[in-house]
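Me: Could you walk me through this structure, starting with the overall shape and then moving to the charged side chains?

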Amino acid sequence: MLIVMRSQATEEEVRAVCQKIESLGYRAHSIPGAQRTAIGITGNQGEVEAGTFDEMPGVQEVIRVSKPYKLVSRDVKPDNTVIRFAGHSATIGGNDLAIIAGPCGVESREQAFAIAERVARAGAQFFRGGAYKPRTSPYSFQGLGEEGLKIMAEIRDRFGLLIVTEAVDYESLELVDQCGDMIQIGARNMQNFSLLKRAGRARKPVLLKRGISATLEEFLMAAEYVMSEGNYNVVLCERGVRTFVDHTRNTLDLSVVPAVQRLSHLPIIADPSHGTGKRDKVTPLARAAVAVGADGLMVEVHNDPDKALSDGMQSLYPDQFDALMVQVRQIAAVLGRSIPTANPSDADMKLSAD
Ligand code: PEP
Ligand code: MN
């Protein structure tokens, strides 16, 4: 059930509806939009009696939501969600494309700094790097853990890059929520429902990667899990699904981008690195992702990919990333979108915030 408030509804009227919902034992999600506020109701097992709300002041309409997801749906919020970051000019989901770049895993301070310097110079506003790596083999590099998070916090201070890093369990999620700027939930955890709920109670935005065999509905339901706990800042990420092809590691399903945009107000970005698994295919698919309307890119970049401890085969050399940025800027312009150039004030974000 969704309660659409009139565009002139006052804050008190919105609050009164939320209180009424809570008094019935449900959860109210007040989602302000450009034109009006909508209030989603969750926690109800059966139908909620529409008449309870119809006559309340400020209520325009009570809508039954037939889709299994509610809060992610455009029914709740017709205009696109734009994710913002305190003290930083970067956004995700607005006119600007979000470029997230960095190594698969943080391997050392030297490695991470060398890459951060290059991706910042090329115009990325976000640095990615795993401190906790979900690896197929227990014998593969598992990440530096807290040490990796500390290195990335230094990178934020030094280069003004926002930090996107994966949480694999409750403990790491708590730490990423404290030290990072965006909590990545990996493909393997897209249906780890307790982790999704925990992410829904976190303060930081969540980057939710699509599971390797997830349908569009399963993908949106995973986002619904996060939002149902009160965290409405969710960014979806298409990172390839498993198919029969063997010329790439995964098949980057770019058709999911317009499919998501039709159904949901949430931003969606694409990861052509995991989506192809092959360095020579990353740039062409990055170009295609921007052309198809993705709100940003996540790209793996390494200063010495042959020696990378994970995903070297799909990591771009910094020079290749420079070239990618030049190309995607031009494609973005065709669509009336842009990739911001570095904002000097972001570099001392941390200093001014202290
Ligand atoms: C990653 O981004 O490093 C990663 C492990 O991605 P995915 O969860 O998409 O495999
Ligand atoms: Mn990787």
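What follows goes from the whole fold to single residues.

Me: Before that, what kind of model is it, and what do the numbers rest on?
Reply: This is a predicted model, in which local features need pLDDT of at least 70 and side-chain atom pairs count only at pLDDT 80 or more, while totals for chains, interfaces and linings use all residues. Residues are numbered from 1 along each chain as its sequence is written, chains are lettered from A and ligands numbered from 1 in the order in which they are written, and side-chain values use heavy atoms, with hydrogens and water left out.

Me: OK, how many helices and strands?
Reply: The protein has 13 helices and 14 strands, taken as DSSP runs (H or I of at least four residues for helices, E of at least two for strands) and numbered from the N terminus. Its radius of gyration is 21 Å, close to the 20 Å that the globule rule gives for 354 residues, so the protein is as compact as a globular protein of that length; the radius is taken over C-alpha atoms, and the rule is 2.2 Å times the number of residues to the power 0.38.

Me: And what are the spans along the principal axes?
Reply: The C-alpha trace spans about 65 × 50 × 45 Å along those axes.

Me: How much of it is buried?
Reply: Buried residues account for 55% of the 354, where buried means under 20% relative accessible area, exposed over 50% and partly exposed in between, with a 1.4 Å probe and protein chains only. Among contacts between residues at least 6 apart in sequence, 69% join residues at least 24 apart, a contact being heavy atoms within 4.5 Å.

Me: Switching to charges, what is the count?
Reply: There are 40 positive and 44 negative side chains, and the centres of the two sets lie 3 Å apart. Lys and Arg count as positive and Asp and Glu as negative, without His and the chain ends, and each charge is placed at NZ of Lys, CZ of Arg, CG of Asp or CD of Glu.

Me: How many salt bridges does the structure hold?
Reply: The structure holds 18 salt bridges, each one a side-chain nitrogen of Lys or Arg within 4 Å of a carboxyl oxygen of Asp or Glu.

Me: Which residue pairs with aspartate 295, and where do the two sit?
Reply: Aspartate 295 forms a salt bridge with arginine 337, with the closest N and O atoms 2.7 Å apart. The pair links distant parts of the chain, 42 residues apart, with aspartate 295 in the loop between α10 (279-292) and β14 (296-300) and arginine 337 in the loop between α11 (318-334) and α12 (344-347).

Me: Are those two buried or exposed?
Reply: Aspartate 295 is buried, with a relative accessible area of 6%, and arginine 337 also counts as buried, at 15%.

Me: What about glutamate 117, which residue does it meet?
Reply: Its side chain meets that of arginine 121 in a salt bridge (3.3 Å, N to O), and both residues lie in helix α3 (residues 109-122), 4 residues apart, which is about one turn of the helix. Glutamate 117 is partly exposed at 34%, whereas arginine 121 counts as exposed at 60%.

Me: Last one, where is aspartate 346 and what does it touch?
Reply: Aspartate 346 is found in helix α12 and, at 6% relative accessibility, counts as buried. Not counting residues up to four places away in sequence, aspartate 346 touches Gly87, His88, Ser89, Gln125 and Gly160; the C-alpha atoms of aspartate 346 and serine 89 are separated by 6.9 Å, although the two are 257 residues apart along the chain.
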